[in-house]
Amino acid sequence: MNVRELRQDPITGLYVAIAEGRSKRPNGDFLPENPKVLPDKDIECFFCPGNENATPPEIWAYRQGGFWWVRGVPNKFPIFSGGNGLEQKVADAEHDENIFYNSRSINGRHDVIVDTPRHNEELHQRDEGQIRESLWFYKELLAGERKGEQIKYVLIFKNRGELAAGSLEHPHTQFIVSPIPMPEITDEIAGASRYFIGENRARIQGQCGYCNVLLHELQVKDKQGVESDRHRVIDENPFFVAFAPYASRTPFEMMVIPKMHQADYDMISDVEATHLARVVQNIFRKLERTFPNVSYNFGLHTAPLNSGVKSHYHWHLEVAPVLKRDGGLERFGRIPVNPISPEKAAYTLNLNHQP
Ligand SMILES: [Zn+2]
Ligand SMILES: [Zn+2]
Ligand SMILES: [Zn+2]
């Protein structure tokens, strides 16, 4: 049966249109991929071992002797750069534009984390230990920014594949230190605050919306209170759950969230990092088996540094495979149109994991 409904995100309150069955062809709404077999090492790649001098001076690396396994370097083509990222550009009376409009310098930092020395080792191919090392590197870099009191946000994300704006093949993650807040996080925090004060369907107060969502996803009951399948869960271990969000904005969207309430990603423990690596490896293996060589964006949403939203914000990872193009409804109306329900997406991902 085709699902056709407007679903509201329980935290942000934004609607998405789940509109199945609009395409005549099965999977006809999905963009084709361009499978390309990459070598283990590319002598022209800035990020491959042996070419360390081709990057700007290294910020930090996990290395032993001459061998490194995760490396952080400034982005050669940064979006945010220069200054300390904090100063507001003073309106210049000589320029009329600055009297009418507001602008500021695009200061800040834009670094790159080289996730593995191997040119072709994507997340689904990487062993758990190597995934853990890059997740731990994110944590340590993020923790290092805590001193910067006026930093508005640190965004960590990956763009893999051309359709996701990934311009370099070698697996890497981007790390942006921004002088302005990220509107996506602002929306989530505003929604989480409303939830916390009782503006939710159950009218319950003093609870984290994200904690409640994950409890619900792990124990779905129907209107009569009968437990049914956990039909959006994609992976689970003692510390984390991965699921397809109820109001998924894109086909095969996935969220990974810690079971214990935690606002700041950089508070993860040793054992949590190991379990996080495991769940990340599992979901990317499932995704790859379903859509070989798919492009995706992958991002970390954590509380802004020094923000004091510890009680009601809950960090998570979001994975958005790029399987469709946006149209006018998304662009001009901000209503995402998703041609596959998250239930069907989770079912397909789980099915494709069978040996
Ligand atoms: Zn490379
Ligand atoms: Zn929570
Ligand atoms: Zn989020």
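**The site of ligand 2**

Modeller: C208 is buried, its relative accessible area being 7%; buried means under 20% relative accessible area, taken with a 1.4 Å probe and protein chains only. The model is predicted, so local features need pLDDT of at least 70 and side-chain atom pairs count only at pLDDT 80 or more, while totals for chains, interfaces and linings use all residues. Residues are numbered from 1 along each chain as its sequence is written, chains are lettered from A and ligands numbered from 1 in the order in which they are written, and side-chain values use heavy atoms, with hydrogens and water left out.

C208 contributes its SG atom to the zinc ion (ligand 2), as does C211, and the other protein donors are the ND1 atoms of H261 and H314. A donor is an N, O or S atom within 2.8 Å of the metal (3.2 Å for Na, K and Ca); water is not among the atoms, so a site may look incomplete.

The four donor atoms subtend angles of 104 to 114° around the zinc ion (ligand 2), and the arrangement is therefore tetrahedral, a term for four donors with all angles between 85 and 135 degrees.

Along the chain, the donor residues follow the spacing C-x2-C-x49-H-x52-H. The pair C208 and H314 links distant parts of the chain, 106 residues apart. C208 belongs to the loop between helix 3 (183-196) and helix 4 (209-218), whereas H314 belongs to the loop between strand 11 and strand 12. Helices (H or I, at least four residues) and strands (E, at least two) are DSSP runs, numbered from the N terminus. H314 is buried, with a relative accessible area of 0%.

The zinc ion (ligand 1) has C45 (SG), C48 (SG), H119 (ND1) and H170 (ND1) as its protein donors, spaced C-x2-C-x70-H-x50-H. Its donor angles of 105 to 117° make that arrangement tetrahedral.

The zinc ion (ligand 3) is held between E188 (OE), H301 (ND1), H316 (NE2) and E318 (OE), at 1.9 to 2.0 Å. That site is tetrahedral, with angles of 102 to 123°. H301 lies in strand 11 (residues 296-301) and E318 in strand 12 (residues 316-321), so this pair ties together parts 17 residues apart in sequence. Both H301 and E318 are buried.

How values were computed. Four donors count as tetrahedral if all angles lie between 85 and 135 degrees; four count as square planar and six as octahedral if opposite donors are over 155 degrees apart and all others between 65 and 115; anything else is irregular. Buried means under 20% relative accessible area, exposed over 50%, partly exposed in between (1.4 Å probe, protein chains only).
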